[in-house]
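Biologist: Can you walk me through this model? Keep it brisk.

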Amino acid sequence: PPGGMQRAGNWCRLAAMNLFSQPLGGPPESRAGAPLADRMRPRTLDEFTGQEALLGPGKPLRTPIEQDDIGSMILWGPPGCGKTTLARLIARMTQSEFVAFSAVLTGIKEIKQVMSAAEQAHRAGRRTIVFIDEVHRFNKAQQDALLPAVENRWVSFIGATTEHPFFSVVGPLLSRSLLLTLQPLSDDDIREVISRALADERGLGGSVTLAAGAADHLVLLAGGDARRALTYLESAALGQPAGAEIGLAALERAVDRAAVRYDRGGDQHYDVISAFIKSIRGSDADAALHYLARMIEAGEDPRFIARRLIVHASEDIGLADPTALQAAVAAAHAVEFVGLPEARINLAQATIPLSLAPKSNAVIKAITAAAADVRAGLTGPVPSHLRDSHYPGASRLGHGRGYSYPHDQEEGIVAQQYAPDALTGREYYQPSRHGAEARYAERAERIRAALLWPPYRMGTVRSGTGFSFIGPMS
């Protein structure tokens, strides 16, 4: 259900306490004002569009459904191909209770409560289907909490995911589940979905028609996603008089209205994460928190957000505030340990200081410049005094000869060659004067002056000749 963390927790606790007092997976089309895509969910396998390889007569999934012998499974496929619809249809056609979890809003405590209730029901001879949409957004601890119930068959677990299960689902859960791959719907499948929605009383009931050009364009826009097709169709029909024909222009206007939302599978996904990072880079904590909340409410994978914070901490803050990377990494660990909904607080705690931190891109510029030289062929042999001298025969080759140990010097600096000959004098790191990096800048200048003492800079000292620099290197 929509709402904050408290409401989600209350709902899940209610589900655990009253799991079998009433069906929780009632038909979504029965809800007043339900979206067209919900109202048009198929009620039988014959009404289900697409996925013939799995659901056709005699196919591997149809027979267990018809025989009411469903085990645990993971449905992997793109958005709008029927994963959620299929899970609800299985629950309707089998004699099982149906509990749906939100992978975004559900914590470990709520999972364990529902699993415990399912165990009690199992002992009483009642079966439970637990459906988790976007199961890849569960962290490891949340997925592990499902294992006892799945292993003991207290529940039939159905997980739906758009991400590759071998990378996003823990191995023990994956090994105990049948992996089924769903394909995008074909153009003909989408046309069938549209036609049924136009005519069916649960849908538009013949109140409007769709011009041929508009229908073709709607199929193209859907891209194999039935939910998207029905969302656009519903938006186009909104406010139309009875008997109206929806043309191409009206459909395009409706698509613009319907697309003003965060679509994780489309361009908005990249637009919002881009705005999030640019707001942090621009030191606008309030805007960054807005985009963070927008992503979380839309169901973005919190691990993806955490990864972007880690990259940003080094790319745009760097040594101007060395603690930024620590904060971002800590938030990423918290996401793994805690999971949503609570992890949104950890992500916010990292977002705010990263936004307010002094900024520097010196780190990324330094490694980019160094990599450019390597790709351009500026490498050369490692100076002989820096080579490994621990293996037999190294001394005969002169490896390590002339190396001066910096810790033997009071200031810990020795003016000897470290870079290959072709790169002497290269200065990749160009520190800013922002925040803590000002101290790094001053020290870098003094160290470079120490390493490039005049005879060495002029090339009069050969590789392997050590020279100790004693100076004000505090």
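Modeller: Accessible areas come from the Shrake-Rupley method with a 1.4 Å probe, and for residues only the protein chains shown count as cover. By that method the protein chain exposes about 23500 Å². Carbon and sulfur atoms supply 55% of that area.

Biologist: What are the ground rules?

Modeller: This is a predicted model: local features need pLDDT of at least 70, side-chain atom pairs count only at pLDDT 80 or more, and totals for chains, interfaces and linings use all residues. Residues are numbered from 1 along each chain as its sequence is written, and side-chain values use heavy atoms, with hydrogens and water left out.

Biologist: How many helices and strands are in the protein chain?

Modeller: The chain has 23 helices and 7 strands. Both are DSSP runs numbered from the N terminus: helices are H or I with at least four residues, strands are E with at least two.

Biologist: And buried residues, what percentage of the protein chain?

Modeller: Of the 474 residues, 46% are buried. Buried means under 20% relative accessible area, exposed over 50%, partly exposed in between (1.4 Å probe, protein chains only).

Biologist: Switching to salt bridges. What does the count come to?

Modeller: The count is 14 salt bridges. The rule is a side-chain nitrogen of Lys or Arg within 4 Å of a carboxyl oxygen of Asp or Glu.

Biologist: Which residue does Asp46 pair with?

Modeller: Asp46 bridges to Arg62, with the closest N and O atoms 2.9 Å apart. The partners sit 16 residues apart: Asp46 in the loop between α2 and α3, Arg62 in helix α4. Asp46 is exposed at 64% relative accessible area, whereas Arg62 is buried at 12%.

Biologist: What about Arg127, which partner there?

Modeller: Arg127 bridges to Asp68, closest N and O atoms 2.6 Å apart. Arg127 lies in the loop between α6 and β3 and Asp68 in the loop between α4 and β1, so the pair ties together parts 59 residues apart in sequence. Arg127 is partly exposed at 36%, and Asp68 is partly exposed at 22%.

Biologist: Which residues are linked in a network of salt bridges?

Modeller: Arg43, Glu47, Asp200 and Arg202. Asp200 is buried at 19%; Arg202 is buried at 14%.

Biologist: Last one: where is Asp373, and what does that residue touch?

Modeller: Asp373 is in helix α20, residues 362-375. Leaving out residues up to four places away in sequence, Asp373 touches Leu378, Leu423, Arg426 and Tyr428. Contact means heavy atoms within 4.5 Å. Asp373 is buried, at 11% relative accessible area.
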